[in-house]
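Please consult the sequence and coordinates shown below.

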Amino acid sequence: MKALVYKGPGNKVWTDKPKPELQKPTDAIIRISKTTICGTDLHILKGDVPEVVDGRILGHEGVGIVEAVGNGVQQFHVGDRVLISCITSCGKCESCKKGMYSHCEDGGWILGHLIDGTQAEYVRIPYADNSLYPLPAGVDEEALVMLSDILPTGFEIGVLKGNVQPGSTVAIVGAGPVGLAALLTAQFFSPAEIIMIDLDDNRLEVARKFGATQTVNSADGKAAEQVLGLTNQQGVDVAIEAVGISPTFAICQDIVKAGGHIANVGVHGKSVELHLEKLWTHNITLTTGLVDTNSTPMLLKTVTSGKLEPNKLITHRFDLADVLKAYEVFGNAAKENALKVILSQG
Ligand code: NAD
Ligand code: ZN
Ligand code: ZN
């Protein structure tokens, strides 16, 4: 089969790899119908995630059709259409019992990281019963690809950990797919204000269409001053970091209100400065985390009912075989006006 293979920092190839086979009774093999590229894949290609070895197939999002199941799989059968979670979970270990699937003893974020991923014609999914979800009939498959990772990430690590409440003032730094997923799902709680911060005016315009009440372009280095200006010098109840670099984490520290929350979502390749000398008197809460995807069943219902419309995040479509072109577009998102790209296999 063909797959997108990581070849060390800066390098990737679309090449032949052996079709995956069942290794354990709890495995399933999925034929990918649709997959996508994540900001985290770009971090891997920058060399920010050194556990990813040369030869690894990238990708941790997608929907597909069950091609084969081990004899221990009970919930899924050959031919079922399924959503692949970016998090693999056994459902039985201590972390899984707490719903903290990201720390499953034998799973967590392994797809396209520690085992081969979804940017391929076929993928092996361990613990299929817990790591796949049946696709509801009649729902747009492309929209559901957004549920593999970005929607649960924005919601769980941004909105829930940030404790967004009715009437909250929220700032989201980074209007990429993850920041926009936080913007969409924050609105479940009716915050009073959502201020979106990015360098890219196109993404900020998209954010306004998706419900941002204010937008700030941080290219002049004065985002914090602008947010303070918009909030009567008070700052925000919730500052969500959805970029993964030191300057954007710094903005969050500068704009969080006394008693507020900083919810870090970004994947950081380097250490950041934490200004405790200022924050200690501010009674703030700082959270971070890897997505658990335990909100996926709830989010599936909101997409099925049309309350949440994640297909709004899709800007480009390619054949799976054109994945290198798709990386070009996603990697130059500002120039290409790109958000999520969909890769399809007919
Ligand atoms: P992305 O690269 O598409 O978006 C990042 C956005 O940040 C872009 O719109 C960019 O213009 C903006 N940006 C860059 N520098 C900025 C600056 N100085 N000021 C303001 N904005 C700036 O990435 P994404 O797919 O939206 O993902 C966002 C982050 O979330 C990434 O770090 C990704 O790795 C991470 N992530 C975390 C988890 C998790 O479990 N915690 C899961 C998935 C993704
Ligand atoms: Zn991801
Ligand atoms: Zn587990």
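How many helices and strands are there in the protein? In this predicted model, the protein has 13 helices and 15 strands. Its radius of gyration is 20 Å, close to the 20 Å given by the globule rule for 346 residues, so the protein is as compact as a globular protein of that length. Along the principal axes, the C-alpha atoms occupy a box of roughly 60 × 40 × 40 Å. Of the 346 residues, 50% count as buried. Among contacts with a separation of 6 or more, 69% join residues 24 or more positions apart.

**Helix α5**

α5 is mostly covered, with 10 of its 11 residues buried. The buried set includes I150, P152, F155 and V159. Against α6, β11 (236-241), β12 (256-264) and α11 (296-304), the buried residues of α5 find their packing.

The shell around ligand 1 comprises 31 residues, of which G39, G176, V178, G244 and V267 come nearest. α5 (150-160) is one of the elements that give two or more residues to this shell; the others are α1 (39-46), α6 (177-186), β9 (193-198) and α9 (246-255). Domain 1 (2-149 + 294-344) and domain 2 (151-288) each supply at least three residues to the shell around ligand 1. The composition of the shell by class is tabulated here.

| Class in the shell around ligand 1 | Number of residues |
|---|---|
| Nonpolar | 16 residues |
| Polar | 11 residues |

Note on methods: Residues are numbered from 1 along each chain as its sequence is written. Chains are lettered from A and ligands numbered from 1 in the order in which they are written. This is a predicted model: local features need pLDDT of at least 70, side-chain atom pairs count only at pLDDT 80 or more; totals for chains, interfaces and linings use all residues. A residue is near a molecule or strand if its C-beta atom, placed from the backbone, lies within 6 Å of it. Helices (H or I, at least four residues) and strands (E, at least two) are DSSP runs, numbered from the N terminus. Ala, Val, Leu, Ile, Met, Phe, Trp, Tyr, Cys and Pro count as nonpolar, Asp, Glu, Lys and Arg as charged, and the others, Gly among them, as polar. Domain bounds come from an automatic or database domain assignment. The radius of gyration is taken over C-alpha atoms; the globule rule is 2.2 Å times the number of residues to the power 0.38. A residue is buried if 20 or more other C-beta atoms lie within 10 Å of its own, exposed if 12 or fewer, and partly exposed in between; C-beta atoms are placed from the backbone. Two residues are in contact if their C-beta atoms, placed from the backbone, lie within 7 Å.
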